[in-house]
Amino acid sequence: MSTQADHGSELIPRPAQTPDALRAALAIVAPGRLDQMQAMKDDAFAKAVEWQSLSPVQSWVLSWAQEIEIARRPDLSARYTQAKSNLEHEDPAIAGEALRELCAVLDESMKAVRE
């Protein structure tokens, strides 16, 4: 587990960007998604072999690091959930703001895992 800036309460420290560390972190913050993670991992590894490239595996690691970053930080998780719930709001202004907020959460989480 690595150190990071304080973002208020965090459920767990940010995990290392390895398959085992990400799986262990997901088992704590979102255990119901372990099967999804494994299926996506299997797909990434199959593509890596087929394409003779590590890029699918690297994308898988980065994607799950971002998912875990959101899940481990209640501040981001709450913003993410609220934004997603308003994406299809009947008021276009609310839906537009939800899209902007969702993008902001995704940008913030990606920046954090790339530190």
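A network of salt bridges links E10, R14, E69, R72, R73, D75, R79, E101, E108 and E115. The model is predicted, and a search of the whole structure finds twelve salt bridges. Side chains of opposite charge can pair when their charged atoms come close.

**Salt bridges across the chain**

| Pair | N to O distance |
|---|---|
| R14 and E69 | 2.8 Å |
| R14 and E115 | 3.6 Å |
| E67 and R33 | 2.7 Å |

R14 forms a salt bridge with E69. This pair joins distant parts of the chain, since R14 belongs to the segment before helix 1 (19-29) while E69 sits in helix 3 (residues 55-72), 55 residues apart. R14 has a relative accessible area of 6%, so it is buried. E69 is also counted as buried, at 1% relative accessibility.

R14 forms another salt bridge with E115. E115 counts as exposed because its relative accessibility is 65%, over the 50% cut-off.

E67 and R33 meet through their side chains in a salt bridge. The relative accessibility of E67 is 24%, which makes E67 partly exposed. R33 is partly exposed as well, at 27%.

**R79 in helix 4**

R79, one of the residues in the network, lies in helix 4 (residues 74-86). R79 has a relative accessibility of 26% and therefore counts as partly exposed. Leaving aside residues up to four places away in sequence, R79 touches E101, A104, V105 and E108. Among these, E101 and E108 are also members of the salt-bridge network. From R79 to D35 the C-alpha to C-alpha distance is 25 Å, and the two are 44 residues apart in sequence.

**S109 in helix 5**

S109 is part of helix 5 (residues 92-113). Is S109 buried or exposed? S109 is buried, because its relative accessible area is 0%. Its side chain makes a polar contact with the side chain of Q66, at 3.1 Å. Not counting residues up to four places away in sequence, S109 touches Q66, E69, I70 and L76. E69, one of these, is the residue that pairs with R14 at 2.8 Å.

Terms used
Residues numbered from 1 in each chain as written. Predicted model: local features only at pLDDT ≥ 70, side-chain atom pairs only at ≥ 80, totals over all residues. Heavy atoms only, no water. Helix = DSSP H or I, 4+ residues; strand = E, 2+ residues; numbered from the N terminus. Buried < 20%, exposed > 50% of the residue type's maximum accessible area, 1.4 Å probe, protein only. Polar contact = N/O pair within 3.5 Å; in protein donor to acceptor, adjacent residues only side chain to side chain. Contact = heavy atoms within 4.5 Å. Salt bridge = Lys/Arg side-chain N within 4 Å of Asp/Glu carboxyl O.
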